[in-house]
Each structure stands twice: as C-alpha cells, then as structure tokens.
Amino acid sequence: MVELLGLILTFLVFAIPGIFLSFALFTGTKFNKLDRLFAGLILGIAIVPLLYFIEHVLFGLQLNVFFVFVNSLIVLAAALGIMYFRGLLPFLSPGHVAAVFKHEVQNLEKTPLQFVAPVLLVLIAFFGFYFRIAYSFITNFFEFDPYFYNFLTEMLVTKGAIPLTSDISYFPLVKFYHQPALVQYMTGAWYVVYNFFTNIGYDKGTLILISNIYPPLVGALLSVLAFWLLRAQYNELAGIVGALFFASTPQLLQKLAAGVTELQPWSLFSALLIFTAYMLALRYKTWQFTLLAGLATVLAILGSAQALWPIAIMTSFFIIQSFVNYYANHKEEELAILSVVFSFSVFLATILYNIYADLGVLNFSTVQLVAIISCFPSLLLLFLSKAPHLAAVSRRKIVAGIIVIGFLLSLVPILPGGQSVSSIASHFIEGTAAFAGFANALTHTIAEDTPTSPEILANAFGILVPSLLLVALALLLSISALEVLLLKKQNKFAVIFLLGALSVVFFRDLMSGFLVAFGSSTGLKIVSTFGNLFATNQIFAYMLISIVGAIIAFIYSNEEDRNEASLLTVLIVFPIAYIGLSKVKFILHLGFALAIGAGVLIGELIARRQFIHNYFKLGDSIEMPGKWLTGFAIVLILVLGSVQVFGLSGKAPGVVNSVQYLGSSQISQDWLDAMTWLKNNTSYNNPVLVNNCKVKFGHDCRVVSWWDYGHWTAFLGETKTALDPGNQFEFLDQQVAYGFVDNQTAFRNIMGYHNASHVLVDYQLLDKWGALVYLSGTCQKTGYSRNSTEVIAPNCPDNRGIVDWEKGTGADAYELEHYFERLSANGQCPFSPNMLFMQGSFGSTYCVSQDQFIPLDRDGLRTDLSRGYVGVNLADPKIEEIDLNKHYLIPLSQSSFIDVNPDLRAAGRESKVLNATYTRLYVFENLPGFKLVYRSKNGEVKIFEKITN
C-alpha cells in the first residue's frame with residue numbers, strides 16, 4: 001500500500017506542473033481539453049528533468065530530492081504566472097470547472113459521435129501502455145543495454161552526478177559516460193521522489209522497476225503524438241489509424257516494453273514529438289506550437305544519441321520547403337520563423353550537450369552545423385520577396401538562378417583542406433547510406449547488423465508489409481499531384497510527371513547507370529552518389545517520386561489548400577524506411593515509419609473523395625462515390641486494425657502473441673546467482689573487498705568475459721569488466737576473442753593487459769562461438785590496414801588469420817579449424833544395424849559404436865580414422881586427462897551433441913578448438929594458472945580466478 005501511494009504521489013509531483021503548464025499555454029489553440037491533458041503529461045515528464053539537467057550543466061547542481069521539488073514548484077509557478085497574464089486564472093475556480101463539466105455532458109448527449117475519436121484515443125493509449133508493462137515489469141528482463149542505463153541512473157541517484165569517464169570498463173583505457181542523459185535525469189528524479197515518499201532507502205531492484213515505467217509510458221504517448229500529427233494533416237480518422245498501429249505493431253510493442261530502459265524509446269518519442277510539434281506549428285500558426293517545436297528539438301538532442309536523424313529530416317524539410325514557398329509565393333514569414341526556432345534550438349541544445357560531454361562548446365557535427373545554418377535559405381528568400389526592385393522579376397528565374405549559382409559554388413574547393421560543399425555532401429550521403437553496410441569486422445558478428453529478411457519483417461510488423469505499403473503510399477501521393485494538375489488544366493505537365501514517375505520505377509537501372517556515367521565523366525561526384533543510391537534500393541525511387549509529387553501538389557494547389565505537411569510526412573516515412581529495410585538494428589525505426597505511413601495512406605485515400613467529386617463534376621447532390629470511398633476506408637481500418645490486434649494464425653502475430661514472450665525473456669537464475677557471487681566477492685562498492693583484491697592481486701578485481709555480459713557485470717555484479725556491449729574499442733573485443741579462441745599465452749597476457757583477476761565463461765558462448773572465431777581471425781596488431789605501422793592491439797598476432805575480413809563470417813579455413821562441430825543422430829548406420837548413424841555440421845558422417853566414432857566415405861567405413869569418444873557433463877566434468885585423439889561430446893538433447901574436438905583429417909586439416917582457452921576453462925575446467933572459484937547450479941556460468949604465487 002505504501003508503494004502504491006508513493007507511486008501515485010510521485011506521478012502527481014511531475015504531472016500536476018505539466019498539466020497546469022499545458023492549460024496555461026494551449027488554452028485558446030486547436031488543442032481540446034483531452035489534448036491539453038496529454039500535452040500536460042508530456043511536459044510533466046520532460047520539463048522538470050530538463051530544468052534539472054540544465055542546472056547541473058551550468059551550475060554543477062547534483063541530483064537531490066529537495067531540488068526536484070523546487071524545480072517542480074518553479075514549473076507550477078511559471079504555469080500560474082502564464083495563466084495570470086493570459087487571464088486564465090478564473091478558469092480554475094470550482095464554479096467554472098463545474099460549468100465546463102456540465103457543458104461537456106450536454107455536448108455528449110447532443111452530439112455523441114464527436115467523442116468517438118477521443119474515447120478511442122484514450123483506449124488505444126491505455127492498452128498501448130498496459131501491454132507494454134504487464135508482461136515485462138520485472139527486475140531481470142533479458143536485455144543487455146538497459147542495465148548500462150540503469151547503471152548510469154544508479155550513479156546519479158547515489159552519487160548525485162554521472163562521472164565523465166571511468167575505468168570500470170576497458171582498463172587500461174576508460175569508458176565515456178556522458179552520453180545524452182535526459183532519460184537518466186528523468187528516471188533518477190522519479191526514483192528519488194518515490195524514495196522520499198516510501199523511505200525505503202536505495203534498492204537496485206526498485207530502481208529497475210521505477211525505470212521500467214519509462215518505455216511503456218513514452219510508447220503509449222507515441223500513439224497520442226501520431227494522432228495529433230495525422231489529425232493536423234488529414235483528419236481524426238487518419239489519426240486513429242496512426243495511433244492504433246503505434247499501439248499494436250509487434251516491433252513497436254516489444255522494443256518499447258518495460259525493461260527496455262535504454263535510449264531507443266526516447267529516441268522515437270522525441271523524434272515524433274519534433275515532427276508533430278512542427279506539423280502543428282505549420283498547420284495552426286500559433287506561437288504555442290512554435291514554442292513546443294523548439295522544446296521538442298532540445299529534448300531530442302539532450303535525451304537521445306540518435307537525434308541526428310530527425311534533425312536531418314527537419315533540416316532537409318526547411319531547406320526544400322523554403323524554396324517551394326518562395327516559388328509559390330506562399331507565406332514565407334511563417335516558415336522563416338519556424339526555421340529560425342529550429343536552428344536556434346539545435347544550436348542551444350548542442351552547446352549544452354557539448355558542455356556536459358566536455359567536447360568543446362562549439363564542436364558541431366556536419367548534420368548539426370547544416371541544421372544550424374538551415375534557416376538562412378528561408379531568411380534569404382524572405383528578404384528577396386520583400387525587395388522592391390525584384391518585384392518585377394519572375395520568382396521562377398530567381399529560384400533557378402539561386403539553385404544554379406549554389407550548385408556551381410558547391411563545386412569550388414573553398415573549404416579547409418581543399419574540400420568543396422559538394423564533396424562533403426557526397427561523403428555525408430554515402431556515410432548515411434553506409435548504415436546499410438558493415439563498418440568493420442565487429443559489425444559482421446552482431447545480429448542486429450545483419451540484413452533484414454521477409455520472415456523478420458513479417459514477425460516485426462504484422463500486416464504492415466513494407467513493400468506494399470510504401471508502393472501504395474507513393475502511388476497515392478502521385479495521384480494527389482496528378483489530381484491538382486488535372487484540376488488546374490495542366491494536362492501536359494500531368495503527362496510529363498506521369499511518364500517521369502513510371503520511368504523512375506521501371507527504368508531505374510538505366511537512369512542510375514546514366515547518372516553514374518555522367519557524374520564520372522564530368523567529375524560531379526554528387527551526381528554519381530545519387531546514381532548509386534538509385535541502384536541500391538527501390539525505396540529511394542519511391543521517395544523521389546513522392547517528394548516531387550508533394551512539391552507539385554503544393555505549387556499548383558489553391559492558396560487555402562496548400563499543405564507543407566505533405567512534404568514533411570514524405571521526408572519522415574521514406575528515408576527512415578530506406579535505412580530500416582537494410583539492417584535488423586533499424587527495423588524499429590522502420591516500424592515507426594510504417595505506422596505513420598499507414599495513417600497517411602488512409603488520409604490520402606479519403607482525400608481522393610473530393611477529387612472524384614470535383615473532377616467529374618458530380619454536383620452537390622451526388623455524394624455517393626465519396627461516401628463509398630469513406631465507407632471503404634472505415635471498413636478497411638476496422639479490418640486492418642482487427643487483424644493487427646488479433647493476428648493471423650501462422651502468418652502475422654497479434655498483440656498478445658507479440659508480448660507474451662516478454663514475460664519469459666528473463667535472465668536465468670544461474671546468471672543472477674553468478675552476479676551475486678561477484679557482488680559478494682569482487683565488488684568495487686565494498687572497501688573491504690577492494691582492499692582484499694589489491695592485497696591478493698596487486699590491483700582491483702576485474703573480470704574478463706565476452707563483451708555481451710559487461711553491463712551485467714558492472715551493474716548487477718558491481719565488478720569491473722574488461723569489455724562491455726558498448727564496444728567502444730573494437731580491438732579490445734578482437735584481442736579477447738583471440739585469447740579465448742586461439743592462443744592461451746596471449747590470453748594470459750590479455751589478463752595482465754587489463755589488470756584482470758577473474759575469468760567468466762558461460763554456456764551461451766557455444767552458440768556465439770562463430771562470432772568469437774571470426775573476430776579472433778581478424779585480430780591484428782596494426783589493425784586492418786596493411787600499410788599501418790601503429791600497434792593498436794599489442795596482444796594480437798602480426799598477421800591476422802583471416803586475410804579478407806570483408807567476406808564476413810564462415811568464409812575462411814581459419815574458422816573451420818577453430819569451430820566446434822554439431823552432431824545429430826539420424827537412424828542406424830547403413831553398414832551395421834548395431835551402430836548409430838551420426839551427421840556433422842561440417843558435412844562429415846559417422847557410424848558410432850559403444851566406444852568408437854568411425855567416419856564414412858564413398859567406400860564405406862574408414863576404420864583407419866576411427867576415434868574414441870567421451871561424454872562431458874558441464875555441471876561437473878571430472879576429466880583429469882585430455883586425449884587429443886578422442887571426441888568430447890556435450891549433449892544438447894537425446895539426439896544432438898557438440899563435439900569439442902572435431903576430426904578434420906579427412907579434409908587434410910587439424911582442429912585446434914580442443915586447446916582453445918574457452919574449451920579448457922568452460923568444458924574441462926582445466927587450464928594451468930587458473931582455478932575454478934564458482935560454478936552455477938546448472939553449470940551455465942563458471943568463474944575462474946587467476947592463481948598468484
């Protein structure tokens with residue numbers, strides 16, 4: 001009861017100031033009362049932590065519950081002050097509140113249908129929150145990165161601040177901790193307030209549970225933001241569709257569930273907040289939404305390491321739309337103001353983060369720098385529009401002249417280092433597109449860096465099939481452009497646009513080849529870059545068609561019908577889809593794009609009703625085609641929504657199917673017990689244990705394990721680690737892999753290099769072994785470049801075992817020699833019914849007697865190559881002497897095994913895996929210089945200690 005009351009009071013501490021501020025700001029705008037309540041919740045979770053973060057950056061203020069209350073009161077006082085100056089304080093009187101309630105009840109009785117969309121929105125947001133939290137609100141959710149961010153929050157609430165660097169990971173190097181920290185300040189503030197009301201003291205499990213609320217909360221608010229965005233562009237029906245898909249798409253449910261307390265949820269939330277706020281500002285032209293847009297930009301940069309992609313999208317939008325607005329003579333002032341707010345917000349937030357991260361105040365990336373100067377085109381064009389001596393000059397000629405002059409200047413090498421704007425733009429575009437490729441050897445071993453597949457996409461998005469949705473969206477946006485051209489009697493232009501769109505789709509390869517050849521012949525690399533993009537992905541072609549269609553529709557529409565939002569949504573959906581279709585790690589972003597795209601698709605479909613009515617001159621009395629189209633859209637929404645929620649058996653998972661696995665996705669008890677052992681024996685938080693380590697080893701205790709487990713070790717085990725999933729230094733991963741896989745002497749040297757005292761090995765590495773082998777084979781003292789002379793990995797060999805690492809895993813003989821072999825029993829031996837037939841993953845086959853493995857070839861049994869075999873019990877091996885001429889089998893099931901000493905004689909090679917450090921430690925618990933100090937109950941995790949003399 002105390003915990004529930006504490007949770008409610010904590011919520012009120014943040015929600016009440018936000019709600020008051022929302023009503024102070026948005027009363028009198030297009031936001032209704034429900035919108036203001038949701039906006040208040042958004043402001044409540046963001047403003048107080050933001051204020052605290054700024055105070056820490058500027059004044060060094062440390063996290064303290066007293067100052068959290070003070071900041072909450074400051075926000076509340078500011079809200080009341082705004083209400084006073086806007087004359088809104090009388091609205092707070094009990095009489096006015098009662099009158100408002102009575103008025104709403106009367107409206108409900110008179111026009112109940114107007115409440116359908118708000119009620120649906122509330123239900124969608126509620127169930128979006130519920131399904132994300134009901135199945136994974138646990139302290140041992142099986143993830144890696146969330147425990148790092150919980151670790152940062154822990155340091156914040158226990159020490160008052162997060163250190164800039166620490167040697168808890170990567171010694172003798174240090175780990176950088178000052179990543180965007182707004183999420184940690186938010187969850188940390190929640191925790192200290194909750195702790196104040198419950199008085200339970202610091203508890204790691206409670207910190208995890210409090211932090212677990214954040215992903216489902218922002219996940220539910222994504223539905224609200226999508227509703228606002230699509231309602232502003234189209235109508236409430238399109239908004240409900242977007243909200244529904246944000247709440248029901250499997251990938252968006254799973255990756256914003258409780259337990260995923262990393263920065264990804266905030267990345268998506270702040271990105272959609274940016275897009276929605278600027279959409280509202282564009283559509284409704286009020287200072288409140290402009291202010292919200294600037295705030296959203298700041299929140300994204302200070303809270304997300306992935307803020308560059310929404311910033312890049314908004315930068316592209318402002319630059320393109322400024323020229324379109326000027327060309328169409330459409331309200332340049334409003335766009336100029338918004339672009340200035342955007343540029344200033346990026347500038348201010350980047351400076352704040354640079355101070356926090358100690359990067360240098362004016363250290364801007366290329367994307368940030370371009371974003372900061374992105375307001376200049378709109379300001380320049382606004383100036384030109386006001387210049388009286390240019391009034392008689394055609395705007396078409398001015399725009400064409402600016403573009404030509406700008407393009408020519410971009411080719412001149414006037415920047416430092418002899419670079420041109422064009423070359424930098426080419427590098428930037430190529431670098432962005434390179435997200436779809438492999439940057440280094442490590443990325444070849446990370447599952448999230450592998451390409452997507454139809455099976456992955458089906459399980460991730462349910463009925464939202466990317467290829468179909470994006471094609472349909474590009475088609476409808478093209479029809480929209482054709483509609484405007486036909487209504488304006490621009491028939492020739494309509495034919496040209498139609499032929500151009502068809503050419504881009506059906507003759508893409510020919511156009512790509514022409515662009516590449518033209519760019520190469522003229523030296524215009526930017527042209528070749530675009531040509532290569534055409535060749536890599538069909539989505540780029542759809543994006544180009546949609547952008548051109550949105551621009552045409554804007555220019556040729558009547559002034560009152562012009563809609564900047566169309567171009568913005570195109571830039572939101574297609575570039576994200578381009579990246580998301582290339583790599584598994586970006587399919588969450590693809591889900592984001594598809595959920596918005598589904599709403600846009602419905603909105604565009606309904607919008608075509610007016611075109612049918614006007615173009616065919618049906619008259620005011622003939623509404624049937626339009627009603628049919630609207631009715632078809634509504635039925636389509638109901639069908640699609642039902643399928644997405646309930647799923648299709650064997651084809652598309654439903655909501656419940658999508659989240660059920662979350663409850664079973666837990667860190668095993670073996671791992672939790674191992675972390676408890678570390679905490680009780682090697683904790684850096686226990687002065688006695690720290691002193692014991694220094695006396696025994698001459699330095700702090702530190703664990704060498706595979707990098708996956710570094711965050712668990714640092715946070716749950718409170719023990720320093722050699723590696724962690726941040727992979728800040730790739731060569732450290734390669735060194736440790738080389739030590740585990742290839743060279744016992746190198747492993748001992750690596751232990752000394754890291755000042756390590758313990759080694760942790762586990763069962764899961766049997767499945768991950770291929771990644772370790774590949775990284776071991778790519779380990780080299782001087783890195784990848786053969787011309788490099790700088791030693792960066794001193795414990796790697798002079799020459800790597802895998803020469804061509806870019807081929808990826810499984811392509812080199814080095815890997816065969818270091819792989820375990822998987823064996824499966826498959827009936828009786830064809831040459832002896834008394835023996836078992838066994839097939840190996842290397843293509844080998846055996847007949848197995850009671851004590852021998854006999855290989856088979858075309859001529860039958862190869863008794864000359866027979867070997868004995870021994871079964872290995874990982875929970876207690878008890879193998880005192882290891883025989884290189886025996887197979888050692890780890891049982892996986894009754895009919896499948898792992899052979900830790902494969903026989904490669906038939907291939908003319910010798911297996912080296914039996915002598916691998918990992919094999920000797922984990923499988924046999926026998927490696928000179930190390931002693932077993934902990935084995936988990938089921939043998940899943942084993943910890944060894946370095947023997948000191």
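Reader: What makes the disulfide of cysteine 829 and cysteine 847 right-handed?

Author: The torsion about the S-S bond of cysteine 829 and cysteine 847 is about 75°, so this disulfide is right-handed. The model is predicted: local features need pLDDT of at least 70, and side-chain atom pairs count only at pLDDT 80 or more. Residues are numbered from 1 along each chain, and side-chain values use heavy atoms, leaving out hydrogens and water.

Reader: Why is the link of cysteine 829 and cysteine 847 called a disulfide?

Author: A disulfide is a pair of cysteine sulfur atoms within 2.5 Å. The sulfur atoms of cysteine 829 and cysteine 847 are 1.9 Å apart, so the pair is a disulfide.

Reader: How do you know whether cysteine 829 is buried or exposed?

Author: Buried means under 20% relative accessible area, exposed over 50%, and partly exposed in between, with a 1.4 Å probe and protein chains only. Cysteine 829 has 4% relative accessibility, so cysteine 829 counts as buried. Cysteine 847, at 0%, is buried too.

Reader: Why is the link of cysteine 779 and cysteine 796 called a disulfide?

Author: The S to S distance of cysteine 779 and cysteine 796 is 1.5 Å, so the pair falls within the cut-off. The link of cysteine 779 and cysteine 796 is left-handed, with -75° about the S-S bond.

Reader: What makes cysteine 693 count as buried?

Author: The relative accessible area of cysteine 693 is 4%, so cysteine 693 is buried. Cysteine 701 is buried as well, at 5%.

Reader: How many disulfides does a search of the whole structure find?

Author: The search finds 3 disulfides. Counting bonded cysteines along the chain, their pattern is 1-2, 3-4, 5-6.
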